[in-house]
Amino acid sequence: MKSQIEKISTEGMENKMFEKLSHEAERILEERFGEDCIISLATSNNNIPYVRNVNAFYEHGAFYVLTYALSDKMKQIAENPIVAISGEWFSAHGKGIDLGWFGKDGNKAIAAKMRSVFARWIDNGHCD
């Protein structure tokens, strides 16, 4: 079982909200979501929406999620990368991006951040 890193970003989206984020708004997002938090992630398959709660954290305009490579959410994002998220007082839509295997060389920096942010559970047997 290989864990994948998923980035939920607003890159290329028509909604330019993140481009217009003030420094204050960015600071608030990092303060409230910059550590392990639960957000709802919505994907779709054949025009049927699917929503689930995931552990995530926010950094520099994106939410990061660690998940199983063959999960339904990864399959759905491969087919349609447009996703929606919701957490406490915040909701947005963006593009789900599969960054690939957690252990690959190109993911060392974000994997180290995830090890720190998700330290409470990352080695509990659900990720390898």
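Colleague: Which residues of helix α1 are buried?
Modeller: This is a predicted model, where local features need pLDDT of at least 70, side-chain atom pairs count only at pLDDT 80 or more, and totals for chains, interfaces and linings use all residues. Residues are numbered from 1 along each chain as its sequence is written, and side-chain values use heavy atoms, leaving out hydrogens and water. Helices (H or I, at least four residues) and strands (E, at least two) are DSSP runs numbered from the N terminus, and buried means under 20% relative accessible area, with exposed over 50% (1.4 Å probe, protein chains only). In α1, residues 23-33, the buried ones are Glu26, Leu29 and Phe33.

Colleague: Which exposed residues does the face turned away carry?
Modeller: Strands including β2 (37-45) and β3 (48-59) cover the buried residues of α1. The face turned away from that buried side carries exposed His23 and Glu31.

Colleague: Which side chain does the side chain of Glu59 meet in a polar contact?
Modeller: Glu59 sits in strand β3. A polar contact is a pair of N or O atoms within 3.5 Å; within protein, one must be able to donate a hydrogen and the other to accept it, and residues adjacent in sequence count only if both atoms are side-chain atoms. At 3.2 Å, the partner of Glu59 is Lys113.

Colleague: Is Asn107 buried or exposed?
Modeller: Asn107 belongs to the loop between β6 (90-101) and α3 (108-117). Its relative accessibility is 4%, so Asn107 counts as buried.

Key: Contact means heavy atoms within 4.5 Å.
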